[in-house]
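This briefing goes through one protein model by topic. Please keep the sequence and the coordinates open while reading.

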Amino acid sequence: MLQQFNEKNNDLKININGELIHRDQAGISPFDSLVQGGDGVWEGLRVYNGSIFKLDEHLERLRRSAKALAFTQIPSRDELVEEIKKTLAANDMNDGVHIRITLSRGTKITSGMDPRLNQAGPTLIVLAEHKPPVYRDAEGSSGLNLCTSSIRRFPPDCMDPNIHHNNLIQSIMAKVEANANGADDALMLDRRGFLAEANATHVFIVSPYPAHSGNNTPVVQTPTTAACPEGITRQTIIDLCDENDIPCIERDLSMTHVYNADECFTTGTMGELAWVGKIDGRVIGDGAMGAMTKRLSELFVELTKREGVRVV
Ligand SMILES: Cc1ncc(COP(=O)(O)O)c(C=O)c1O
């Protein structure tokens, strides 16, 4: 398992609608929309040395997701930042911290699906945990071992992947498959059979493009966001490539492209960049962390030291 219980999180104080409550006592109503129907939106944020990396991008994605779900009240950016600051201060946290911020449609007057039953305003949960990057992996280790899931990612006409909502069952089913296969995580395809992303992260490959062109320049490649969320780490990697003259394209990738890549890595706030060593039993590249993955990981870590919104 990639994650373990961290003793430092024994006495966390969790912020629920502005109230800070010990993790053993914290709870929400059985009438809350999250319990009733997973009717909420969320963001994962990471604190680096007192600052949150890409805070405004995350809060903006939260707002856009809540608006798409037609929430009638959405806390302002400043209100959200205030609650985040309060939570970090209460837990005396400033580095190696992951924050999960969840906004549900709130409690209902009676059990049911209809948003008109929600008359109390939204529920805001700020959960901050000591959690260094989950997948951060030493060069020289074997990298992530992935398998391809039989569960497909929805296109926007089934459920728009750009709503970052709390219905994670699709991802959990894919993770169940990964566990059954002894893999670390699962790759998920779109309805056409092209790569969408992994169950909780985006996926990049590095290989010459077009293949067989005789041009051996490594090109960083990632699927479009037709069937995955507009990832903030994903966009950061695309921007870093742009700023450093590294060729990078978004395109449809079949599993043949992926199996034959020289390098493969995943991206996400929880684990930054993590290199992939094996997929469906095939060794990727030469089975070691590739030069481009290493370079982009270093550029990413440098950026997290330079950028961010101070919250401690
Ligand atoms: C399904 C899914 N894919 C990928 C990601 C990674 O996105 P980000 O880089 O914005 O953390 C997330 C993170 O929340 C996610 O939920």
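Where is Ile246 placed in the chain's elements? Ile246 sits in the loop that joins helix 5 to strand 12 (248-250). The model is predicted.

**Ile246 and its surroundings**

- Setting aside neighbours within four places in sequence, the contacts of Ile246 are Val220 and Cys241.
- Ile246 and Leu146 are 100 residues apart along the chain, and their C-alpha atoms are separated by 26 Å.

**Ligand shell**

- The ligand is surrounded by 15 residues, and the closest are Gly231, Ile232, Thr233, Gly268 and Thr269.
- Helix 5 (232-243) and strand 13 (263-268) each give at least two residues to the shell around the ligand.
- Helix 5 provides the largest share of that shell, with 3 residues.
- By class, the shell around the ligand holds 9 polar, 4 nonpolar and 2 charged residues.

**Packing of helix 5 on helix 7**

- The axes of helix 5 and helix 7 (residues 291-306) come within 10 Å of each other and cross at roughly 105 degrees.
- Helix 5 is therefore roughly perpendicular to helix 7, since the angle falls in the range of 65 to 115 degrees.
- On the helix 5 side, the contact is made by Thr236, Ile237 and Leu240. On the helix 7 side, Leu296, Leu299, Phe300 and Leu303 take part.
- The residues of this contact between helix 5 and helix 7 comprise 6 nonpolar, 1 polar and no charged.

**The loop between strands 10 and 11**

- Tyr209 and Pro210 are joined by a cis peptide bond, with omega near -5 degrees.
- Pro210 is found in the loop between strand 10 (202-208) and strand 11 (218-222), and Tyr209 lies in the loop between strand 10 and strand 11 as well.
- Tyr209 counts as partly exposed, because it has 17 C-beta neighbours inside 10 Å.
- Not counting residues up to four places away in sequence, Tyr209 touches Val219, Gln221 and Ile249.
- Tyr209 and Cys248 are 39 residues apart in sequence, with a C-alpha to C-alpha distance of 9.9 Å.

- Asn49 is a residue other than glycine with a positive phi, near 45 degrees.
- Asn49 belongs to the loop between strand 3 and strand 4 (51-52).
- Asn49 is exposed, because 12 other C-beta atoms lie within 10 Å and the class covers counts of 12 or fewer.
- Asp280 is not a glycine either, and its phi is positive at about 50 degrees.
- The loop between strand 14 (272-279) and strand 15 (282-283) contains Asp280.
- Asp280 is partly exposed, with 14 other C-beta atoms within 10 Å.

**Thr148 in strand 7**

- Thr148 is part of strand 7 (residues 144-148).
- Thr148 and Asn181 are 33 residues apart in sequence, and their C-alpha atoms are 9.8 Å apart in space.

**Domains and the contact between them**

- The domain assignment divides the chain into domain 1 (7-130) and domain 2 (136-306).
- The C-alpha centres of domain 1 and domain 2 are 27 Å apart.
- Domain 1 gives 20 residues to the contact, and domain 2 gives 12 residues.
- On the side of domain 1 that touches domain 2, two or more residues come from each of strand 3 (40-48), helix 2 (55-68) and strand 5 (97-104).
- Strand 3 supplies the largest share of that side of domain 1, at 8 residues.
- The side of domain 1 that touches domain 2 has 8 nonpolar, 7 polar and 5 charged residues.

Conventions: Residues numbered from 1 in each chain as written. Predicted model: local features only at pLDDT ≥ 70, side-chain atom pairs only at ≥ 80, totals over all residues. Domains from an automatic or database assignment. Contact = placed C-beta atoms within 7 Å. Helix = DSSP H or I, 4+ residues; strand = E, 2+ residues; numbered from the N terminus. Nonpolar A, V, L, I, M, F, W, Y, C, P; charged D, E, K, R; others polar. Near = placed C-beta within 6 Å. Axes fitted to C-alpha atoms, helices over the stretch in contact; angles between N-to-C directions. Parallel < 35°, antiparallel > 145°, perpendicular 65-115°, else oblique. Buried ≥ 20, exposed ≤ 12 C-beta atoms within 10 Å, placed from the backbone.
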